Amino acid sequence: MDYIYTDSLKTRLRRIEGQIRGVLRLMDEGKSCKDVVAQLSAVRNASDRALAQIVAENLQQCIMAEQEAGNKDTSKMVQEAIDLLVKSR
C-alpha cells in the first residue's frame with residue numbers, strides 16, 4: 001500500500017526544519033542554555049504532533065482499505081497504531 005502524505009504534514013515538517021535551524025543559530029550566537037532548551041522543547045512538541053498526525057492519517061487509510069476489502073475487524077490495526085505511538089515516546 002502506498003501511503004499518502006498530505007501537504008499540511010509536509011508544511012508542518014518544514015516548519016520543524018526551520019525551528020532546528022533556529023536552534024543552531026541560537027547556539028552559534030552563544031545564547032543561553034535556557035533559550036536553546038526552550039526552542040528544543042518546542043521542536044520536540046512539534047515533532048510529536050507530526051508523528052501523531054502521520055500515524056492517525058495512516059491508520060485512517062489502512063482502515064478504509066481493509067473495509068473496502070471486506071474486512072470489518074480492524075482492531076489489530078488500531079492496536080498496532082497505539083503501540084507505534086507508545087514506542088515512539
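Is Arg-21 buried, partly exposed or exposed? Arg-21 is partly exposed, with a relative accessible area of 47%. The legends below describe a predicted model.

Figure 1. Read along the sequence, the elements follow the pattern α-α-α. The radius of gyration is 18 Å, well over the 12 Å that the globule rule gives for 89 residues, so the protein is more spread out than a compact globule. Along its principal axes, the C-alpha trace spans about 60 × 25 × 15 Å. Buried residues account for 21% of the 89 residues. The accessible surface comes to about 6,700 Å², and 55% of this surface belongs to carbon and sulfur atoms. Of the contacts between residues at least 6 apart in sequence, 64% join residues at least 24 apart.

**Figure 2. A salt bridge joins the side chains of Arg-21 and Glu-17.** Side chains of opposite charge can pair when their charged atoms come close. In this view, the distance from N to O is 3.8 Å. Both Arg-21 and Glu-17 lie in helix α1, where they are 4 residues apart, about one turn of the helix. Glu-17 is partly exposed, with a relative accessible area of 44%, and Arg-21 is also partly exposed, at 47%. The count for the protein comes to 1 salt bridge.

**Figure 3. Four residues, Ile-20, Leu-24, Met-27 and Leu-40, form a nonpolar patch on the surface.** Together they have about 350 Å² of accessible area. Helix α1, which covers residues 7-28, gives the most to the patch, with 3 residues. One of the patch residues is Ile-20, which lies in helix α1. Ile-20 has a relative accessible area of 34% and is partly exposed. A residue needs over 30% relative accessible area to be part of a patch, and the value for Ile-20 is 34%.

**Figure 4. Thr-74 sits in the loop between α2 and α3.** Helix α2 covers residues 33-68 and helix α3 covers residues 75-88. Thr-74 is buried, with a relative accessible area of 12%. The cut-off for a buried residue is under 20%. Which residues are in contact with Thr-74, leaving aside its neighbours within four places in sequence? They are Ile-63 and Glu-66.

Notes:
Residues numbered from 1 in each chain as written. Predicted model: local features only at pLDDT ≥ 70, side-chain atom pairs only at ≥ 80, totals over all residues. Heavy atoms only, no water. Patch = residues over 30% accessible without salt bridge, like charges linked within 9 Å, V, L, I, M, F, W, Y side chains within 5 Å. Areas by Shrake-Rupley, 256 points an atom, 1.4 Å probe, with all protein chains shown as cover. Helix = DSSP H or I, 4+ residues; strand = E, 2+ residues; numbered from the N terminus. Buried < 20%, exposed > 50% of the residue type's maximum accessible area, 1.4 Å probe, protein only. Contact = heavy atoms within 4.5 Å. Rg over C-alpha atoms; globule rule 2.2 N^0.38 Å.
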